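Trainee: I am new to this structure. Please take me through one part of it closely, and then through what lies around that part.

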Amino acid sequence: MEAQINAFENAFIDLQRNFQSYMAVSTQLTVLKILEDVQDLGAKADFRDMSYAIDARCASSCAAHLPVDYAVPPADLMTSLQSWVIGDSKESERICVLFGPEELCSTIALLVGEQFQFASRLGSSYCFRGTRQNDTRSYTNLFSTIARDLADRNAQFKQNLWRAVGNETSLRKTRVVRTQFEEFILAPSRDVVWHGPILVIIDGLELGENEATRKEVLSVLADKGAELPRNLRFLITCRLEDDICKAFRGHSHILRRQLGEATPLAMSRAENLEDYGA
């Protein structure tokens with residue numbers, strides 16, 4: 001009988017220890033979850049200081065934005081764009097610039113955006129075309145808007161971005177385009193694990209503001225675009241403007257193509273824009 005009592009006591013003690021261990025682990029997990037939630041609220045509060053363009057995206061409700069008689073891009077072009085985004089590790093082009101008529105460029109941006117949004121591969125899209133109520137679109141909030149969108153899609157990027165700007169009010173509020181690209185896009189993405197390709201779309205790059213302001217955007221994309229992670233790709237559409245062509249000429253990380261009125265050029269690396277004075 002005494003042996004049975006001792007066995008019951010020992011079993012009860014073991015059960016009590018297990019229960020206490022469970023409660024300790026459960027408490028730790030709860031504390032970690034609360035801390036994570038508090039940090040997330042802190043990050044979101046700080047990110048509000050980073051200028052954001054309302055209703056700038058160009059990939060939501062694709063069909064509703066396309067004209068009834070819109071020109072359908074050739075299937076081989078769409079396939080080539082998809083292949084470029086997915087790309088292998090040897091591909092160096094982080095940025096693809098499509099020059100062409102406004103309607104065709106807009107259609108491509110919308111359709112590609114819709115495809116990658118559906119696949120959860122669209123990091124951000126920023127459309128300069130069309131009118132918006134209370135329009136806030138500007139070159140000076142282009143990269144801050146993209147950065148906030150990327151933070152919504154990747155927890156590690158969000159943490160890195162918050163670490164960079166959390167205690168820097170002046171940095172969060174900066175309107176300097178180069179600083180935004182370097183501190184909001186490049187720096188937070190350097191050690192991020194991107195699970196598959198992520199696409200960022202900028203539609204109608206030439207329409208943001210005047211040429212002097214645009215020069216800053218072109219300069220930083222040309223100078224620093226090669227530092228983008230290989231899984232983070234930028235697709236840019238615009239008209240064939242002289243300053244844009246000159247800024248993007250001769251950079252191995254920028255793929256440039258002109259879209260014709262009828263048949264766009266193939267997306268092969270061998271082709272370039274010399275024939276068009278680009």
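Mentor: A term first: a salt bridge is a side-chain nitrogen of Lys or Arg within 4 Å of a carboxyl oxygen of Asp or Glu. The model is a predicted one.

Start with E1, residues 95-99. E1 pairs with E4, residues 232-238, in the parallel sense over 5 bridges, and Ile 95 stands opposite Phe 234 in E4. E1 also pairs with E5, residues 254-258, again in the parallel sense and over 5 bridges. In that pairing Val 97 stands opposite Arg 256 in E5. As for E4, 6 bridges join it to E3, and these two strands run parallel. Leu 199 stands opposite Arg 233 in E4.

Now look at how E1 is covered. Of its 5 residues, 5 are buried. In a regular strand the side chains alternate between the two faces of the sheet. On one side of E1 are Ile 95, Val 97 and Phe 99, on the other Cys 96 and Leu 98, and all of these are buried.

The next step is the nonpolar interior. In soluble globular proteins, nonpolar side chains tend to be buried together. Here the largest nonpolar core has 45 residues, and Phe 143, Leu 205 and Phe 234 have the most contacts inside it. Among the elements that each supply at least two residues of this core are E1, E3, E4, H5 and H6. H5 gives the largest share, 6 residues. A second, separate core has 23 residues, including Val 85, Leu 104, Cys 105 and Leu 235.

Phe 234 ties several of these points together. Leaving aside neighbours within four places in sequence, its contacts include Ile 95, Cys 96, Phe 143, Ile 146, Val 200 and Ile 202. Other contacts of Phe 234 include Trp 84, Phe 181, Ile 185 and Leu 228.

The N-terminal end of H6 is capped by Asn 154, a side-chain oxygen of which lies 3.0 Å from the backbone nitrogen of Gln 156.

Asn 141 lies in the loop that joins them. Asn 141 counts as buried because its relative accessible area is 2%, under the 20% cut-off. Its side chain makes a polar contact of 2.5 Å with that of Tyr 126. Beyond neighbours within four places in sequence, Asn 141 is also in contact with residues including Ser 51, Tyr 52, Thr 136 and Gln 180.

That leaves the charged pairs. The whole structure has 13 salt bridges. Asp 223 and Arg 178 form one of them, at 2.9 Å from N to O. This pair links distant parts of the chain, with Asp 223 in H9 and Arg 178 in H8, 45 residues apart. Asp 223 is partly exposed at 47% relative accessible area, and Arg 178 is partly exposed at 28%.

Another salt bridge joins Arg 239 and Glu 241, at 3.4 Å from N to O. Arg 239 is partly exposed, at 31%, and so is Glu 241, at 24%. Both belong to a network of salt bridges that also links Glu 102, Arg 129, Asp 203 and Glu 206.

Methods:
Residues are numbered from 1 along each chain as its sequence is written. This is a predicted model: local features need pLDDT of at least 70, side-chain atom pairs count only at pLDDT 80 or more; totals for chains, interfaces and linings use all residues. Side-chain values use heavy atoms; hydrogens and water are left out. A polar contact is a pair of N or O atoms within 3.5 Å; within protein, one must be able to donate a hydrogen and the other to accept it, and residues adjacent in sequence count only if both atoms are side-chain atoms. Helices (H or I, at least four residues) and strands (E, at least two) are DSSP runs, numbered from the N terminus. Buried means under 20% relative accessible area, exposed over 50%, partly exposed in between (1.4 Å probe, protein chains only). Two strands pair if DSSP finds at least two bridges between them. A nonpolar core is a set of buried Ala, Val, Leu, Ile, Met, Phe, Trp, Tyr and Cys residues joined through side-chain atoms within 4.5 Å. Contact means heavy atoms within 4.5 Å.
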